[in-house]
Amino acid sequence: MFLRSLTAKVFFSLSLMFLLLIGSMGAVYVQVQKQETDANVINKTGSLRTLGERMSETAHKIANEAASSRERAAARADFKRSAQKFEENLQAVSEGAPSRSIPPAPPSVAGQLGTLDSIWAQAQPDINKIMEADPESDAYKE
């Protein structure tokens, strides 16, 4: 009886469209939030790559015998910052960082990040030598 009048049919149709609109807006909001976290993860993983390259470059500058002691000191400070940032980003991508909207890595990626983490742990003694040893010393040249 209610849907027999034209006013009721129009009201019902508009109400249904309004509910669909609200549902669509909710779905879009959820997707935008997911894209924001994806963007943060992509930025951090890209940063891992560039920080690795930067550490290689600065290690070469530290070992460059033609460089002045000031240049070597600057390169060593840059190397230290890059190594610390690399470790922070690796941990954030692997374990998640809720304060930065980064979720923990899914199991399919966690294994690969675990491999990178073990390589990083194996490299720590050499990284510490670069940060602490004198480039002229035998310990540094090993």
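A: Buried means under 20% relative accessible area, exposed means over 50%, and partly exposed is in between (1.4 Å probe, protein chains only). What you have on screen is a predicted model: local features need pLDDT of at least 70 and side-chain atom pairs count only at pLDDT 80 or more, while totals for chains, interfaces and linings use all residues. Residues are numbered from 1 along each chain as its sequence is written, and side-chain values use heavy atoms, with hydrogens and water left out.

Q: How many helices and strands does the protein have?

A: Helices (H or I, at least four residues) and strands (E, at least two) are DSSP runs, numbered from the N terminus. Here you get four helices and zero strands. Read from the N terminus on, the order is simply α-α-α-α.

Q: What does the radius of gyration say about how spread out the protein is?

A: That radius is taken over C-alpha atoms, and the globule rule to hold it against is 2.2 Å times the number of residues to the power 0.38. In this model the radius is 27 Å, well over the 14 Å that the rule gives for 142 residues, so the protein is more spread out than a compact globule.

Q: What is M131 touching, if I leave out residues up to four places away in sequence?

A: Contact means heavy atoms within 4.5 Å. By that test M131 touches R76, F79 and K80, with those sequence neighbours not counted. You'll find M131 in helix α3. Now check K80: 51 residues separate it from M131 in sequence, yet the two C-alpha atoms are 6.2 Å apart in space.

Q: Which salt bridge does E53 form?

A: A salt bridge is a side-chain nitrogen of Lys or Arg within 4 Å of a carboxyl oxygen of Asp or Glu. A search of the whole structure turns up four of them. E53 pairs with R49, and their closest N and O atoms are 3.1 Å apart. The two are four residues apart in helix α1, which means that about one helical turn separates them. E53 is partly exposed at 45% relative accessibility, whereas R49 is exposed at 52%.

Q: What about E57 and K61, and how far is it from N to O there?

A: Their side chains meet in a salt bridge at 3.5 Å, N to O. Once again, the spacing is four residues in helix α1, about one helical turn. Both ends are partly exposed, with E57 at 46% and K61 at 42%.

Q: Where in the chain do R54 and D78 lie?

A: First, the bridge itself: the closest N and O atoms of R54 and D78 are 3.0 Å apart. This pair links distant parts of the chain, as R54 belongs to helix α1 and D78 to helix α2, 24 residues apart. R54 is partly exposed, with 42% relative accessibility, while D78 is buried at 13%. There's one more partner to look for, R81, which is linked with R54 and D78 in a network of salt bridges.

Q: How many aromatic pairs does the structure hold?

A: In general, such a pair is described by the distance of the ring centres and the angle of the planes. Rings of Phe, Tyr and Trp (its six-membered ring) pair if their centres lie within 6.5 Å; planes under 30 degrees apart count as stacked, over 60 as edge-to-face and the rest as tilted. This structure holds one aromatic pair. It is a tilted one made by F86 and W120, with 4.4 Å from centre to centre and 35° between the planes. F86 lies in helix α2 (residues 69-95) and W120 in helix α3 (residues 107-132), so the pair ties together parts that are 34 residues apart in sequence.

Q: Are F86 and W120 buried or exposed?

A: F86 is buried, with a relative accessible area of 7%. W120 is buried too, at 8%.
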